[in-house]
Amino acid sequence: MTLLGEFALWISLPFAIWGMVVGFVGGRTQRGDLVLSAERSVYAVFFLHAIAAAGVMAAFLGDRFEYWYVASYSNAELEFFYKVTGLWAGQRGSLLFWALILGFFSSLCVFQNRKKHREFMPYVAAVLQTILLFFIIVLLFAEVNPFERLGFTAVNGRGLNPQLQNYWMVIHPPTLYLGFTAFTIPFAFAIAALLNGRLDARWIQLTRRWILTSWLFLSVGIVFGMRWAYEELGWGGYWFWDPVENASLLPWLTATAFLHSIQIQETRGMLKIWNMSLVLLTFLLTIFATFLTRSGIIESVHSFAEEPKIMITFLSFMAAVFAGCAVLILYRLPQLRTENQIESFVSRESAFLFNNVLLLGAAFSVFFGTMFPLISELITGQEISVGPPFFQRVNFPIGLALLALAGIGPVIAWRRATKKNLQKNFSTPVMVGLVVTAALWISGAHHPLALTTWGISAFVVTVIATEFWKGTKARSRIEGEGYIPALFHLVSRNRRRWGGYIVHVAIVMMFMAFAGAAYNVDERFHVQPGDVVEVDSPMGHTYTLTYEGLSTARQNGLRNLLWQAIATVSVQKDGRSVGVLTTEKRQYTTQDVGSPPMTEVGIRSTFGEDLYLILSAIDDAEAVVMRGDSNAQGIDLQVLVKPLVNWIWLGCLTLVGGTIIALWPSVDRKRAATEPSVEPDAEGARAGAAG
Amino acid sequence: MTLYVGVALITAAVLLFILQPVVKGLHASLERDDDELTDTEARKRIALLSLRDVEYDFLAGKLDEEDYRSLKSELTAEALAALEADEAARSDQGHPADGDIEAEIARIRASLKDGVVCGDCGFANDQGSHFCSSCGAALADQTVG
Amino acid sequence: MKKNGRFMVGLVGVATVVTYLIWTGVSETMVYYLTPVELLERVEVDPTFHQVGVKVSGQVIPGTYRRQDGELLHIFEVRDLVDESITFPVEFRDALPDTFTDQVEVVLEGRLREDGVFEANTLLTKCASRYEASQEELAG
């Protein structure tokens, strides 16, 4: 099976080349037979890559340690689940996995459109094959072939790093990849539009679902990564501004900007060049993210030497794509002229434009900060880096401005808004924001950044809640429905708009959680069994923790474990018992000898905060684990209280809900195709007129 | 042995699948589909919807009267232009052009001036309509215009 | 057109603010990123460099890790990735990340004290999923 898989990967190469060539030729010469052949090659390459991926999986499941990739990321004792998902445990398999997902989305797109949008599809198929071809070439010729053999058969594999043996770490890469690859479809349609001259909003309308789906997966993928870091890295942190995290944030930022700016092109025929550039930029950033995540270019100092081949391949590809698209855009410049002008500084168009500038500004600063070591080395010969303080300093103000815009955008009028209607729409929300800020100040919260965030959050929530309320009330009155059916119908008649509002609320929830970190509590204790410690939370609760003791177990290799030491702590909240938390140290057989054991934390979550326990150190592991000495159970216990942190995960769920609503298909397909995203709200308007 | 068989089978199958269209002259359709909106239809749609936007922004209190009136006359002119462009495109393409078309245009002009464009589907209803003749939705209480 | 002018001013204003933030951000938070070889050279040439916060990447030397009993203090030795004879000891007083192993590649932020020990404030390790085993390791 594995040999078959390897073969399948090799022969996907000529077929991808064929597909690319006949797609472009067929589109240019309008030859339907060539186009059909190109579309079939999309299906065929996907089929072959599925066989290749199955081959890799078979190698893992069969413990085929003659393959470098299997020997590096698996061993005989590894749990079945992690063998199956070994395909994306490391760089090589991930690249094949990427090609597989891209092939899947390409096939889906071609199949969906086999009778539609025919002026685009030949070029779309050709572009998709070109990108797939790039990945095939990388896999086969840049020394990253997952089928590479060792030349001998290792007795056993190295095993999978225990930190990767975690649910979140398994689903985080695929989710991100789904996001990255889904964005290739809008990019392909954009190129097709440049080639066939249909440069109005058509290519955007056709790919709206793909854009939104890609954005959804990107958002969720990033949050999964945050959850993994929070649970597994043992510090209670979820974002470190490290190069890999930043790389996945970049396309998310530009995709969010894109989601907003396309609405302007759809309704007003403006920003055509801007949108073309944004879709190109976002695509390049997804390629850049793959490249950065799976090579080591940023961590190591002077790392050009390490993996030159793959770096050169990726950089050349990105440069070629950039150059090709630039040429096409310049060629089509006359047709990309704007149809209208911005009429007022104070309008929804203007708010969207500021949104774009801010998001791009954030993206630029993240990119700049991440690449700074390389840039400074090229210019000054000296590597200089910037860390989290830089990113926070630049991005906190930008983030707050964006948060405010999220409340301004929904209510400000298109084209031009006057002072009177600004007053009418914004006085209450601004008032609420100020009142909330004052109330928080009075109750003891004085941290300026946190206060500002919460104040603006209150403003945004008021704006959106009012929109929902006005709309529901009006509809209920006019249609004679109860509030619940009215709300349901209101939302269902304009899903993009209301789904979008829900997503804005989700973002607010997450910002509230980020601000909560200003009040994190971090205390360290040294305890013996029976000791009781107290920790106060910023929310006003008191946790009374009793260290019960350390229980140890020698696992002798079961699940790759040598031993476990579990510390049990009983928890009382404000005097009332709320159960027991455990935190552990684990020593795995797959760790290098002499490495310290790994920590598993204990978390107790409520809406208000998390209680986060870390077994930092065992006084005398030797005595208590190896000799079972029950007098040696002293430990270092770190206790963290993290206010509002669960609003991140809740916000993510809300984001998913809102996006699904926005994605939900309408019945009238023809209408849906030209439905601008900014349908004003009839019910809200009547409500406004009524009072 | 089975490996070679597998290899041969897969290669042959894929090759056949991909080359069949060229060899046998099978064609993918390259025609624009009938129910797709043309450029001019899409523009007309959007122009009518923008008019509706302005109506509702005013009703919701987002625009004051002066702005509303000037925007509305701008947009009405735009909508009429888009309408005429679309009709011209249709007759160019040889769609059946009845005398009814002229009546249609006149009716639409009238309803644009009277402001009973439907909130949901953009259909221009007759003056005094309470429900849209095209999609059945309730029309806004138009006390202005 | 006048309205457009005001608008452009606004956009340019935002862009300027962002640029300013980046500029000051860089100058206030930048940190030299050195190899152990470079760090030791710098310190020899310029003794005041002992006070400067720097970022260093290297590799933990197997067998040198130990935890100080009774306090939250980790001690290990780090060597240059290229010239393995250049080493210095490191003291780290915070919780170790779980990715820390006996021979992991690390990025440390802190300063090199006059006594030759590197006092680390933060410690980052190379991401587990990108660690690539060598042929020799696999041969066992």
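**Exercise 1.** In this predicted model, which residue of chain A forms a salt bridge with R67(C)?

*Solution.* R67(C) forms its salt bridge with D636(A). The closest N and O atoms of R67(C) and D636(A) are 4.0 Å apart. The cut-off for a salt bridge is within 4 Å. In total, the rule finds three salt bridges across the interface of chain A and chain C.

**Exercise 2.** Name the elements of chain A that give two or more residues to the side that touches chain C, and state which one gives the largest share.

*Solution.* Begin with the helices of chain A: α3 (68-73), α11 (272-294), α13 (348-380) and α14 (388-408) are among the elements that give two or more residues. The largest share, 11 residues, comes from α13(A). By residue class, this side of chain A divides into 36 nonpolar, 22 polar and 12 charged residues.

**Exercise 3.** Describe the extent of the interface between chain A and chain C.

*Solution.* Count the residues: 70 of chain A are in contact with 53 of chain C. Next take the area: the two chains bury about 5400 Å² between them, with 59% of it on carbon and sulfur atoms. Finally, seven residue pairs between chain A and chain C are in polar contact, both residues being at pLDDT 80 or more.

How values were computed
Residues are numbered from 1 along each chain as its sequence is written. Chains are lettered from A and ligands numbered from 1 in the order in which they are written. This is a predicted model: local features need pLDDT of at least 70, side-chain atom pairs count only at pLDDT 80 or more; totals for chains, interfaces and linings use all residues. Side-chain values use heavy atoms; hydrogens and water are left out. Contact means heavy atoms within 4.5 Å. Buried area is the accessible area (1.4 Å probe) that two parts lose on being put together, summed over both. A salt bridge is a side-chain nitrogen of Lys or Arg within 4 Å of a carboxyl oxygen of Asp or Glu. A polar contact is a pair of N or O atoms within 3.5 Å; within protein, one must be able to donate a hydrogen and the other to accept it, and residues adjacent in sequence count only if both atoms are side-chain atoms. Helices (H or I, at least four residues) and strands (E, at least two) are DSSP runs, numbered from the N terminus. Ala, Val, Leu, Ile, Met, Phe, Trp, Tyr, Cys and Pro count as nonpolar, Asp, Glu, Lys and Arg as charged, and the others, Gly among them, as polar.
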